[in-house]
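The following questions and answers examine selected features of one protein structure. Please consult the sequence and the model while reading.

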Amino acid sequence: MPPNIANSTTPARNLKKSQLGGVIFGCKNDTMKECLSEQLFGLPAAHFSYVKNIDPGLPLFLFNYSDRKLHGIFEAAGSGQMNVNPYGWIAGGSRKTLFPAQVQICVRLKCHPVSEAQFKPIIADNYYNRSHFWFELDHAQTSKLMSLLASFAVSPITSIYENTTQLRIMYQPASLPQKRDGGFETLASEVQNHSGWEIDSVDVSSCLDGMNRPLENQLDTDILEQDEENLVLKQLQELAPKHEPKDSSFTGYVEDSTARDDNCSEEKSAEGQMGLGFRNELSASTSSDDSQCSIARLVQEIEELKAFKLEQTFKVQCLEQKLVDAEEQIQELKDRCMILESMSNPSMTHTNDTASDSFDDLYKDPNVRSIYLVGGYDGDSWLPSLDLYFPSQDVLKSLKPMSTVRSYASIAQLNDEIYIFGGGNGQTWYDTVESYNPANDQWTLRPSLTEKRGSLGGATLNNKIFAVGGGNGTECFSKVEMLDLYVGRWIPTRSMLQKRFALAAMELNGALYVTGGFDGSDYLKSAERFDPREHSWTRIASMNTRRGCHSLVVLNEKLYVVGGFDGTKMVSSTEIFDPRLCLWVDGVPMNQARGYSAAAVVDESIYVIGGVRSDEHIVDTVEHFKEGEGWQERNTRAISKRCFLSAIVL
């Protein structure tokens with residue numbers, strides 16, 4: 001069973017760890033200071049799906065929602081974790097933080113902030129509406145953002161007292177502005193969702209420290225540095241005339257001693273004292289000259305170091321961009337190789353009809369059947385992806401992804417569109433619904449379910465979509481609701497006879513069938529049928545094996561139950577239900593036990609894709625069944641590790 005998960009929903013690209021080049025964090029003016037003073041950035045829990053992929057050294061940025069400026073360049077000082085500070089951004093620690101997906105940070109390069117008009121073209125693909133964007137950055141975007149910010153690097157003027165303890169002692173200013181007192185204002189009491197999270201902030205450029213010192217010491221550094229630098233320079237200018245040898249005093253002393261020969265002993269004493277004073281003044285003057293030379297050398301060395309650092313940063317960015325370009329070229333070559341291999345496969349059908357060797361030709365060919373694969377999990381990331389799988393050619397075409405990651409969802413067809421509803425992202429369950437139109441490759445938000453639920457069943461019956469059972473991580477449901485597009489919302493209807501989480505549902509001959517699942521205590525053998533004419537549920541014959549997380553398909557007017565979890569292990573068994581006999585019979589078992597797979601029927605054959613084994617290993621193979629031929633397992637190049645996904649054939 002999936003873990004219990006909290007209640008929040010945030011869109012994300014969900015890049016793989018190897019694809020993640022950087023992350024943008026958000027703030028408002030009453031959390032900015034705490035972010036910098038604590039050297040800690042945080043986001044709502046739903047963002048942990050990618051915050052967990054942050055490793056030390058990963059570039060980070062801070063977005064100011066009030067003036068919509070981007071600040072940087074930061075980098076991660078540790079790995080992304082949950083609740084580094086469980087009470088961050090909460091006044092007095094009165095309750096747990098609303099931003100538990102956290103990472104410790106330091107500053108890589110101190111830069112002036114850039115406006116949204118400057119950085120938006122770089123991350124244009126991340127914008128999912130006019131003013132909101134996904135925070136994950138790929139390597140190319142990160143490299144370009146770093147180049148942009150580096151062009152606005154703060155002039156590397158370092159106050160002298162910060163670089164040498166000796167000069168701090170020698171030229172301590174008479175008075176300096178004191179650091180401002182007072183606590184930091186707390187974050188708003190509620191987390192606004194992604195469509196309305198308009199956050200204010202203050203200018204952070206003065207708080208960034210190019211030498212990676214604790215940021216709390218830099219909150220008022222601009223004022224301190226300017227005042228102390230002015231005072232130090234003023235004292236240096238006064239130092240030389242102040243300590244020049246006082247020749248006139250010495251001459252006057254000689255004349256006076258010549259006129260008073262009768263006090264020879266007093267004269268010698270005074271002369272000795274005056275000579276000592278002169279030597280002290282001369283020593284101070286020499287020390288001042290040496291100090292000024294040391295200061296000049298220190299400033300020059302610091303300038304050279306900063307210039308060297310900028311040069312190295314630019315070189316690294318160039319290398320990163322070359323790496324991204326190389327990865328794109330490699331992927332293009334892999335795609336071409338895949339098509340060429342499928343062309344050379346003797347079993348490939350309709351080769352003459354697809355001679356153009358392109359995915360588009362396969363997509364448009366009505367004779368080539370395909371399976372839509374939606375969402376899921378690949379072992380590293382929760383997926384928003386929508387893919388079109390051509391099993392006869394073993395080719396996968398990526399289509400426009402959903403607006404958010406989605407797993408444990410249900411899927412149905414209505415009016416030539418694909419509807420995906422419920423599910424979750426590994427941390428929260430959804431009540432949201434989206435539909436995909438293959439004609440224009442576009443997703444559309446639809447009316448939400450009446451409550452959040454995942455691992456539910458779904459099917460289309462009489463031009464209405466039924467959402468059946470499921471759960472929210474703490475409760476299993478027997479509830480059923482249906483989407484009526486004429487009414488424009490989901491309507492509760494007759495509940496099942498039994499609670500069922502991780503069940504399977506399918507329409508056959510105008511009736512809705514549900515099988516197995518978990519009722520909160522046990523995995524079930526039982527099955528039910530809903531007849532819309534009677535508007536009631538009826539118990540039918542039970543399966544021979546307890547199972548949940550299984551697949552259910554229709555082949556040759558019969559229901560096929562495939563795989564699943566029996567309460568102790570994943571199973572490979574299959575069962576077949578003939579509604580005319582109202583009886584389950586054992587079918588040919590699969591080659592590999594698996595659950596949380598996706599299954600679909602193409603050209604009178606069942607395809608079972610991905611899933612999870614008993615050892616929790618995610619499967620990257622496809623099994624194919626045809627009556628009279630049994631099951632055949634295929635090691636596919638197109639399908640990689642994937643589970644908790646949904647599948648449908650239009």
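Q: In this predicted model, over how many bridges do strand 13 and strand 14 pair?
A: Strand 14 covers residues 433-437 and pairs with strand 13 in the antiparallel sense. Phe421 has Val433 of strand 14 as its bridge partner. The number of bridges between strand 13 and strand 14 is four.

Q: Which residue of strand 13 is the bridge partner of Gln413?
A: Strand 12 (residues 410-414) runs antiparallel to strand 13, and five bridges join the two. They form a hairpin with two residues between them, and Asn415 in the turn has a positive phi of about 55°. The bridge partner of Gln413 in strand 13 is Ile418.

Q: How many of the five residues of strand 13 are buried?
A: Glu417, Tyr419 and Phe421 point one way from strand 13, and they are buried. Ile418 and Ile420 point the other way and are buried as well. Strand 13 (residues 417-421) is thus mostly covered, and its count of buried residues is five.

Q: Is Thr97 buried or exposed?
A: Thr97 lies in the loop between strand 5 (81-82) and strand 6 (101-107). Its contacts, leaving aside residues up to four places away in sequence, include Asn83, Pro86, Tyr87, Trp89 and Gln102. Because buried means under 20% relative accessible area and the relative accessibility of Thr97 is 9%, Thr97 counts as buried.

Q: Which residue's backbone oxygen does the side chain of Thr97 reach at 2.9 Å?
A: The side chain of Thr97 reaches the backbone nitrogen of Phe99 at 3.0 Å. For the backbone oxygen, the distance from the Thr97 side chain is 2.9 Å, and the residue is Gly88.

Q: Which residue with a positive phi follows helix 1?
A: Helix 1 (residues 29-37) is mostly covered, with seven of its nine residues buried; among them are Met32, Cys35 and Leu36. The cover over these buried residues includes strand 1 (20-27), strand 2 (40-43), strand 3 (59-64) and strand 4 (69-76). After helix 1 comes a residue with phi near 50°, namely Gln39.

Key. Residues numbered from 1 in each chain as written. Predicted model: local features only at pLDDT ≥ 70, side-chain atom pairs only at ≥ 80, totals over all residues. Heavy atoms only, no water. Buried < 20%, exposed > 50% of the residue type's maximum accessible area, 1.4 Å probe, protein only. Contact = heavy atoms within 4.5 Å. Polar contact = N/O pair within 3.5 Å; in protein donor to acceptor, adjacent residues only side chain to side chain. Pairing = 2+ DSSP bridges.
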